[in-house]
Amino acid sequence: MRSALNKVQGFLDRRIGFFTLIFLIYWLKTYLVYVNKFSLGISDGMQTFLAIMNPVPFGLLLFGIALYFKGKKSYWIMLIIDLIESLWLFANILYYREFSDFLSVGIIKSSGSVSNNLTLSISEIIHASDFLVFADVIILAILLLTKIIKVDSNPLKKRYPISITLISCLTFALNLGLANKDRPQLLTRTFDNNYIVKYLGLNFYAGYNVYQAHKQSSTRANANSSDIDKVLKFLKTNRSTRNATYFGKAAGKNVFIFHLESFQQFLINYKVDGKEVTPNINKFYTDQNTLAFDNFYNQVGQGKTSDAEMMLENSLFGLSSGSAMTSYGTSNTFQALPAFLDQRGYSTASFHGDVGSFWNRDNTYKSWGYQYFFSEDYYQDKTNYSIGYGLKDKIFLKQSIKYLEKLPQPFYAKLITVTNHYPYELDKQNQSIAKTKTGDNTVDGYVQTAHYLDQAFGEFISYLKKAGLYDNSLIVVYGDHYGISNNHKKAIAQLLGKKKVTSYDLAQFQKVPFMVHATGLKGGINHTYGGEIDVMPTLLDLLGIENTDTIQLGNDLLSTNRNQTVAFRNGDFVSPGFSKIGSKVYNNQGVDVTKKLTKEQKAEVNQQQEHTTTVLSLSDKIVTGDLLRFYTPNNFTKVNKTAYSYKYRDSMKKLNAAQKDTQHKSLKQQNGGKSTQKLYVTDAPELKK
Ligand code: GP9
Ligand code: MN
């Protein structure tokens with residue numbers, strides 16, 4: 001026993017021994033903070049392994065620096081690094097407790113506005129156990145100062161620090177490789193800071209954030225107010241004129257944006273074994289008061305849902321890589337649809353059964369003027385209630401009612417469903433239609449989850465009718481992006497009943513539903529070519545909100561003189577005449593006419609290409625240069641992000657206080673203070689007693 005202790009003491013008295021000790025404590029401490037102080041959503045063995053291993057590479061790298069130095073200096077450097085690491089952990093623990101996110105350069109720079117926005121008191125923010133992260137720094141310093149651990153002044157052979165640096169690089173490569181395997185495009189798409197920390201660690205996150213912030217801030221700094229003039233000049237000649245028959249047709253109504261996850265247009269009226277996949281949506285599609293667009297395309301890039309949201313509510317594109325909401329949602333100035341409505345007496349809310357941090361919604365929505373964001377924390381989640389990214393649609397929609405019915409009217413409510421999401425898995429008890437039989441496993445379940453989504457939609461619409469919301473609302477229904485990616489050509493061909501699909505077919509396969517319904521609105525199928533970028537101007541016009549001086553890159557789908565070239569994020573385009581996909585030009589019958597174009601046709605295609613490139617690059621300039629800070633349209637007030645909080649307690653307080661507003665009555669108030677939740681009927685098997 002004694003000799004073992006002596007051995008340990010002997011080891012600790014060597015520099016490499018002290019290094020090992022401080023490194024191991026840092027490693028353990030970081031992991032304990034991950035699991036006890038953050039909610040990273042570690043869900044399986046691989047993710048646990050990565051969360052355990054990810055403190056290693058940067059730990060070795062940083063503490064390893066000390067080993068390049070001699071004597072006492074080397075010990076001090078180790079302690080200072082440990083102290084910096086502890087401070088970083090500590091600061092993140094506090095920040096996370098309030099915001100469920102990690103500190104970023106942007107936040108640190110604007111710490112004034114953050115503290116304004118604090119809703120917890122200091123005693124609630126700091127827990128006594130948080131200070132434990134400093135325990136090792138203090139104890140190790142004492143052990144050194146009291147010489148219980150002795151300073152080893154023997155020089156260390158150079159190969160030690162060099163090999164530690166090398167091991168750090170190797171472990172990092174392994175970490176990155178495994179992380180990317182488990183979560184492809186983790187860094188290019190940047191979904192969520194929680195994901196970066198879970199997979200690559202808090203140190204990597206810090207470095208990556210500094211790098212990105214630097215890149216972004218130099219672009220922003222180089223932009224100036226004359227840049228917005230170019231945008232305004234473009235809009236002067238490219239804004240279409242509104243359609244007088246539709247302008248203001250839905251003024252004053254409640255607005256629903258019903259987000260159909262991964263829902264493609266081909267599903268409309270699609271049948272499997274003779275059975276309609278989406279009977280409820282089909283019925284809605286042909287309703288006499290529904291205006292449906294059958295040449296409406298998704299225009300998303302890597303930001304997928306977030307790009308769709310960005311386009312729909314800002315009429316600005318996502319980025320060519322990554323997600324605009326994640327990279328710019330917190331810091332940029334926006335003039336978004338919810339803010340327009342917020343400033344016109346609407347209450348505004350987004351509902352989603354996933355964590356609030358995904359796609360940085362919890363910050364972006366503040367910049368967009370959302371008064372409420374009901375995310376995962378607001379929903380009851382029991383065993384079997386969730387699948388994939390979050391709550392199953394039927395359960396999500398039913399539970400949304402208790403918040404929805406309390407919103408002062410008119411309201412703008414966006415409901416983001418998620419069950420119809422890749423990999424399209426659904427538990428047996430919820431399957432009620434046969435899979436397709438293409439033999440492609442990731443494709444065949446798609447109709448099943450789409451069918452489930454359709455049922456959920458049907459239940460929601462029935463509720464709206466019973467609760468009396470159906471007739472006084474503008475109901476917008478849209479599919480955010482493709483569900484079946486172009487990697488599944490064979491299966492796509494089978495689904496479409498074709499032998500083979502061309503690039504043209506795949507471009508047409510990017511169609512998603514877009515419908516607007518309002519009682520009294522003249523419905524029908526409109527064939528104009530358009531996409532997600534056009535939604536905001538369309539809705540502003542329907543709601544009767546002036547938008548002749550706004551910065552929007554789309555055009556009202558109902559105007560008659562609009563440009564029908566639909567830009568894809570990769571620079572391709574489709575239109576009623578020609579479509580350019582990759583290096584080929586197709587006519588509207590899908591025939592490759594690249595080499596057969598007349599001089600006039602060539603000029604037409606070039607003009608369309610020019611339009612596509614221009615809208616995309618103007619959008620990128622607006623977003624990366626934060627150009628909206630230089631321009632505010634008339635009748636719009638700059639959004640004060642700090643006025644919003646999505647904390648459960650704050651929102652409930654606000655919502656409850658709103659029940660006394662006699663001017664803007666909520667549905668519940670109209671119902672004599674009685675809840676309408678009972679009117680919601682769902683056949684969700686999970687909710688059966
Ligand atoms: C997650 C959900 C999915 O909250 O919106 O996003 P997606 O993967 O479709 O972009
Ligand atoms: Mn999506």
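Phenylalanine 131 counts as partly exposed, because its relative accessibility is 44% (buried means under 20% relative accessible area, exposed over 50%, and partly exposed in between, with a 1.4 Å probe and protein chains only). This is a predicted model, in which local features need pLDDT of at least 70 and side-chain atom pairs count only at pLDDT 80 or more, while totals for chains, interfaces and linings use all residues. Residues are numbered from 1 along each chain as its sequence is written, chains are lettered from A and ligands numbered from 1 in the order in which they are written, and side-chain values use heavy atoms, with hydrogens and water left out.

Phenylalanine 131 sits in the loop between helix H8 (122-125) and helix H9 (135-145); helices (H or I, at least four residues) and strands (E, at least two) are DSSP runs, numbered from the N terminus. Leucine 103 is 28 residues from phenylalanine 131 along the chain, and their C-alpha atoms are separated by 18 Å.

Now to the manganese ion, ligand 2. Its protein donors are Glu261 (OE), Glu261 (OE), Thr305 (OG1), Asp480 (OD) and His481 (NE2), at 2.0 to 2.6 Å. Donors are N, O and S atoms within 2.8 Å of the metal (3.2 Å for Na, K and Ca); water is not among the atoms, so sites may look incomplete. Along the chain, the donors follow the spacing E-x43-T-x174-D-H. Threonine 305 belongs to helix H15 (residues 304-314) and aspartate 480 to the loop between strand S11 (473-479) and helix H22 (489-495), so this pair ties together parts that are 175 residues apart in sequence. Threonine 305 counts as buried because its relative accessibility is 6%, and aspartate 480 is buried because its relative accessible area is 0%.

Next comes ligand 1. It is surrounded by 13 residues, and the closest are Thr305, His352, Asp354, Arg361 and His421; a residue is near a molecule if one of its heavy atoms lies within 4 Å of it. A polar side-chain atom of threonine 305 is 2.6 Å from an oxygen atom of ligand 1. For histidine 421, a side-chain N or O atom lies 2.7 Å from an oxygen atom of ligand 1. Taken alone, ligand 1 exposes 310 Å², of which the protein buries 99% (accessible areas come from the Shrake-Rupley method with a 1.4 Å probe).

The last stop is glutamine 669, in helix H27 (residues 667-670). Glutamine 669 counts as buried because its relative accessibility is 16%. Its side chain reaches the backbone oxygen of glutamine 659 at 2.7 Å.

How values were computed: A polar contact is a pair of N or O atoms within 3.5 Å; within protein, one must be able to donate a hydrogen and the other to accept it, and residues adjacent in sequence count only if both atoms are side-chain atoms.
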